[in-house]
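Keep the structure open while you go.

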Amino acid sequence: MRPILRSQLAGAILIFTGIATAGDVSPFIGIWNLNLARSTFNQGAPPKSIQRVYVPAGNAVEMTVSNVGADGKPFTVHSTFTVDGKDAVASGVDFFDNISVERIDSSHFVFTLKKAGKSVGIVDTMFSVDGKEFTQVVKGITSGAAATSSQVFERQ
């Protein structure tokens, strides 16, 4: 797998952890940074940094994720969506173009990443009781190879 693609997968999939319904966005809204020391990646070098910014947008959440890949190249991913199980457009990466989000309970969300309507990744996200961090287990396919990670984000 190419290094740029690996860091894009690691960074872009990470984006989709932390979105809530418009009625309960308080656990997610704000700025979150990846804690690299507490995160693990099974394939290739991890990204150098990821910062996520979530803001309310009517009945949706607007997300901007600024990534610096393992190769030092920055890229940004954008999406505005709700937690309704329906696809929402995502831009900034080429290996997925839509996401859908399901709420399991008040602190557990599952994100499905899709390319041309086909699932290419799952992001299982759990928020801490105190709301200061979330951990996600990411499973995806890029360039035909499975990539998994466990990533910790901390509220800033």
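**Exercise 1.** Is Phe127 buried or exposed?

*Solution.* Keep in mind that this is a predicted model. The relative accessible area of Phe127 is 8%. Buried means under 20%, so Phe127 is buried.

**Exercise 2.** Classify the pair formed by the rings of Phe127 and Phe134.

*Solution.* You describe a pair of aromatic rings by the distance of the centres and the angle of the planes. Start with the distance: the centres of Phe127 and Phe134 are 4.9 Å apart, and the cut-off for a pair is within 6.5 Å. Now the angle: the planes sit at 50°. Under 30 degrees would be stacked and over 60 edge-to-face, so this pair is tilted. As for Phe134, it's buried, at 0% relative accessibility.

**Exercise 3.** Which aromatic cluster does Phe127 belong to?

*Solution.* First, the structure holds six aromatic pairs. One of them joins Trp32 and Phe127, with 5.9 Å from centre to centre and 75° between the planes, which makes it edge-to-face. Trp32 sits in strand β1 and Phe127 in strand β9, 95 residues apart, so the pair links distant parts of the chain. Trp32 is buried too, at 0% relative accessibility. Put together, the cluster is Trp32, Phe109, Phe127, Phe134 and Phe153. Over the face of Phe153 lies Arg52, 4.1 Å from the ring centre.

**Exercise 4.** How many bridges join strand β8 to strand β9?

*Solution.* Eight bridges join these antiparallel strands, residues 108-115 and 118-127. Take Thr112 as an example: its bridge partner in β9 is Ile122. Two residues lie between the strands of this hairpin, where Ala116 takes a positive phi near 50°.

Note on methods
Residues are numbered from 1 along each chain as its sequence is written. This is a predicted model: local features need pLDDT of at least 70, side-chain atom pairs count only at pLDDT 80 or more; totals for chains, interfaces and linings use all residues. Side-chain values use heavy atoms; hydrogens and water are left out. Two strands pair if DSSP finds at least two bridges between them. Helices (H or I, at least four residues) and strands (E, at least two) are DSSP runs, numbered from the N terminus. Buried means under 20% relative accessible area, exposed over 50%, partly exposed in between (1.4 Å probe, protein chains only). A charge sits over a ring if NZ of Lys or CZ of Arg is within 6 Å of the ring centre and within 35 degrees of the ring normal.
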